[in-house]
Number of protein chains: 2
Amino acid sequence: MRAWHFAERPEGEPTLDSFDLREVDRPTPRFGELLVRVRYLSVDPYMRGRMRAGESYAEPWAVGDPLEGGVVGEVVESEHDGYEVGDLVAGRGTWSEYSVLDADDATPVDPDVAALPAYLGVLGMPGRTAYFGLLDVGDPRPGDTVVVSGAAGAVGSTVGQIAKLNGCRVVGFAGTDEKTAWLADGLGFDAAINYKATDDYRTALDDAAPGGVDVYFDNVGGPITDAVFTKLNVDARVAVCGQIAHYNDERVPTGPRTLPLLIASRAKVEGLLVSDYATRFDAAREQLETWVASGELDHRETVVDGLENAPDAFLGLFSGDNVGKQVVRVAE
Amino acid sequence: MRAWHFAERPEGEPTLDSFDLREVDRPTPRFGELLVRVRYLSVDPYMRGRMRAGESYAEPWAVGDPLEGGVVGEVVESEHDGYEVGDLVAGRGTWSEYSVLDADDATPVDPDVAALPAYLGVLGMPGRTAYFGLLDVGDPRPGDTVVVSGAAGAVGSTVGQIAKLNGCRVVGFAGTDEKTAWLADGLGFDAAINYKATDDYRTALDDAAPGGVDVYFDNVGGPITDAVFTKLNVDARVAVCGQIAHYNDERVPTGPRTLPLLIASRAKVEGLLVSDYATRFDAAREQLETWVASGELDHRETVVDGLENAPDAFLGLFSGDNVGKQVVRVAE
């Protein structure tokens with residue numbers, strides 16, 4: 001089978017040179033594992049961190065390692081009582097045509113709730129990240145103004161909709177008119193700002209969030225975040241989920257200092273990793289599936305066809321090619 | 001009587017030009033107020049913020065206004081049942097020989113617990129700031145490593161000792177060998193770093209806090225804070241109490257971005273203002289007085305003599321002239 005491997009550590013913006021597609025033997029599942037024919041594969045911004053040698057929250061990939069990521073597919077061999085051949089599952093696998101999953105870590109996929117790619121987005125890790133990041137860290141209250149950066153991504157689009165379900169005013173930053181139209185017209189955001197159409201984000205926020213910002217869910221960092229910090233209300237909460245603007249920086253990025261602003265606002269800024277909420281994943285999935293099934297929670301996936309194009313799909317995350325969740329179709 | 005007034009807004013580092021000593025009539029207390037002969041007057045870094053025209057958490061002084069601040073003194077006229085002539089009180093007054101205090105906002109002073117200047121420091125606003133900032137925002141647990149910047153100041157020296165009382169390892173940053181000696185030998189800090197004797201704060205922290213930082217109580221900002229942020233442990237708490245390194249900045253200061261660091265550490269960074277804890281001030285004062293009376297909580301005051309020297313005492317805060325609380329002796 002074909003499987004992508006990590007060829008070399010990138011400096012700055014990654015290129016195709018970091019990826020190597022090899023022919024390898026199909027793996028054999030051990031006790032408690034499943035062999036899955038991969039239908040869809042997830043590429044995510046956090047993977048850039050795994051390309052670095054230094055320690056981070058995610059274990060770095062060693063050069064030569066198979067690339068890992070979320071997959072959804074069909075069980076072709078089962079070494080676990082809970083799954084049978086033919087079952088559809090999602091879990092942590094590899095960028096390859098077949099992948100071995102830890103059955104205890106895998107989750108069943110119900111195609112009646114949503115098509116398979118959604119299990120890598122709104123019903124997968126990004127959806128859970130949005131759920132816990134917004135509700136636990138952001139702690140939104142009815143009437144709050146919630147601002148989301150990277151709002152048209154898999155996490156951001158879910159955050160904004162959950163905030164609307166909680167009675168908040170929601171403002172999103174995204175990078176194309178197509179994306180802001182989706183947020184405002186499709187998802188019910190109260191305002192959506194195309195950050196590539198202006199560089200005066202503070203004035204844009206004065207219009208979109210005239211009462212200031214109570215919750216900021218940050219996927220991006222950089223100048224958008226700098227502007228939002230100047231608009232934080234007293235006791236505001238900032239959930240730091242991602243900083244994609246800085247993932248390719250080779251030096252520590254600099255910018256306006258934010259701590260002086262926090263004293264007057266008494267704002268709370270907190271980083272989050274979804275893995276910290278693992279004991280509550282089942283409850284989150286149940287709620288998210290309910291919302292998706294009822295149509296209260298909309299979602300999009302951007303699909304790139306063919307395992308051979310997975311690196312391009314990953315690289316496109318850094319130029320904002322995706323609307324909603326970026327996935328790769330490996331097989332029908 | 002003599003009273004200091006605000007003469008002009010400073011740009012950058014304040015000078016004596018901002019201060020004007022005038023002869024004015026002694027004020028008359030109204031119902032619910034006390035006229036106090038001021039014995040000691042407090043000068044505090046936050047007052048720099050009141051010198052700015054822009055909105056902040058503290059109301060800006062208008063040019064020509066009397067300067068306000070904490071005072072301790074003796075009641076000479078009482079328009080409140082709870083106080084008699086001759087009582088010693090602390091409260092919010094003015095930089096002047098006599099001052100009118102709101103009796104409901106004033107607190108009794110017991111010279112058997114501590115000498116009068118302590119009621120402007122460890123038993124006053126700075127002590128309460130340390131108490132709530134460390135215990136509520138910092139949330140220290142036994143065995144935690146707590147780092148304090150501005151550690152030899154009124155707030156910092158109290159923070160470090162309360163952290164020790166809570167079973168923590170405590171590391172302080174201060175700017176002279178005299179100060180670090182007081183922290184390490186007098187107050188029982190586990191380590192004290194003279195930040196003027198090195199500019200490699202990260203290496204200094206590797207030695208002083210080899211297990212990383214669980215709680216950072218920041219009074220200062222700037223390069224010390226930048227270094228501490230690189231050492232935050234998972235689930236660390238940062239209490240942003242002051243940013244004296246930036247109070248005289250006329251432009252938004254820049255520095256290394258800290259948000260990318262917060263994702264891996266899931267650290268929580270929160271600004272604090274002691275006024276948010278007003279409903280619990282009595283409990284804090286009782287606890288702080290108990291610790292001071294028993295000798296568990298040590299304190300120092302740096303006394304400048306004479307109301308005429310109050311501006312110099314204030315300006316000295318920005319060059320670190322004070323050990324412990326900076327006060328001005330107005331009368332014996």
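The structure is a predicted model. Chain A contains nine helices and 16 strands, and an assignment divides the chain into domain 1 (2–121 + 300–329) and domain 2 (126–275). Chain B superposes on chain A through a rotation of 180° with 0.0 Å of shift along the axis, at an RMSD of 0.0 Å, and the two copies are thus related as by a two-fold rotation axis.

**Overall form of chain A**

- With a radius of gyration of 20 Å, close to the 20 Å that the globule rule gives for 332 residues, chain A is as compact as a globular protein of that length.
- Taken along the principal axes, the box filled by the C-alpha atoms of chain A is roughly 60 × 45 × 35 Å.
- Of the 332 residues in chain A, 52% are buried.
- When contacts in chain A between residues at least 6 apart in sequence are considered, 66% of them join residues at least 24 apart.

**The two domains of chain A**

- A distance of 28 Å separates the C-alpha centres of domain 1 of chain A and domain 2 of chain A, and the contact between these domains takes 14 residues from domain 1 and 16 residues from domain 2.
- On the side of domain 1 of chain A that touches domain 2 of chain A, the residues divide into four nonpolar, six polar and four charged.

**Where chains A and B meet**

- The contact between the chains draws 29 residues from chain B and 29 residues from chain A.
- On the side of chain B that touches chain A, the elements giving two or more residues are β13 (254–256), α7 (259–265) and β14 (268–271) of chain B, and the largest share, six residues, comes from α7(B).
- That side of chain B is made up of 14 nonpolar, nine polar and six charged residues.
- Strand β14 (residues 268–271) of chain A is joined to β14(B) by three bridges, and the two strands run antiparallel; within this pairing, Lys268(A) has Glu270(B) as its bridge partner.
- Two copies of a chain are related by a rotation about an axis and a shift along it.
- In chain B, the C-alpha nearest the axis belongs to Val269(B), at 2.5 Å from it.
- The same surface serves both copies, with 100% of the contact residues of chain B recurring in chain A.

**Helix α2 and the residue that follows**

- Helix α2 (residues 125–138) of chain A is mostly covered, with twelve of its 14 residues buried; among them are Met125(A), Arg128(A), Tyr131(A), Phe132(A), Leu134(A) and Val137(A).
- Just after α2(A), Asp139(A) takes a positive phi of about 50°.
- In chain B, Asp139(B) lies in the loop between α2 (125–138) and β8 (145–148), and its phi is near 50°, a positive value in a residue other than glycine.
- Asp139(B) counts as partly exposed because it has 16 C-beta neighbours inside 10 Å.

**Loop residues on either side of β14 in chain A**

- Arg266(A) has its place in the loop between α7 (259–265) and β14 of chain A, and its phi is near 50°, again a positive value in a residue other than glycine.
- Most residues other than glycine have a negative phi.
- Arg266(A) has 20 other C-beta atoms within 10 Å and is therefore buried.
- Ser275(A) lies in the loop between β14 and α8 (281–294) of chain A, and it is partly exposed because 13 other C-beta atoms lie within 10 Å.
- Although Ser275(A) and Thr129(A) are 146 residues apart along the chain, their C-alpha atoms are separated by 8.6 Å.

**Strand β16 of chain B**

- Strand β16 (residues 325–329) of chain B is mostly covered, since five of its five residues are buried.
- Both faces of β16(B) are covered, with Lys325(B), Val327(B) and Arg329(B) buried on one side and Gln326(B) and Val328(B) buried on the other.
- Strand β3 (residues 33–42) of chain B is joined to β16(B) by three bridges in an antiparallel arrangement, where Tyr40(B) has Arg329(B) as its bridge partner.
- Strand β15 (residues 301–305) of chain B runs parallel to β16(B) and is joined to it by five bridges, with Glu301(B) standing opposite Lys325(B).

Conventions
Residues numbered from 1 in each chain as written. Chains lettered and ligands numbered in written order. Predicted model: local features only at pLDDT ≥ 70, side-chain atom pairs only at ≥ 80, totals over all residues. Contact = placed C-beta atoms within 7 Å. Helix = DSSP H or I, 4+ residues; strand = E, 2+ residues; numbered from the N terminus. Nonpolar A, V, L, I, M, F, W, Y, C, P; charged D, E, K, R; others polar. Pairing = 2+ DSSP bridges. Rg over C-alpha atoms; globule rule 2.2 N^0.38 Å. Domains from an automatic or database assignment. Least-squares fit on C-alpha atoms with pLDDT ≥ 70 in both.
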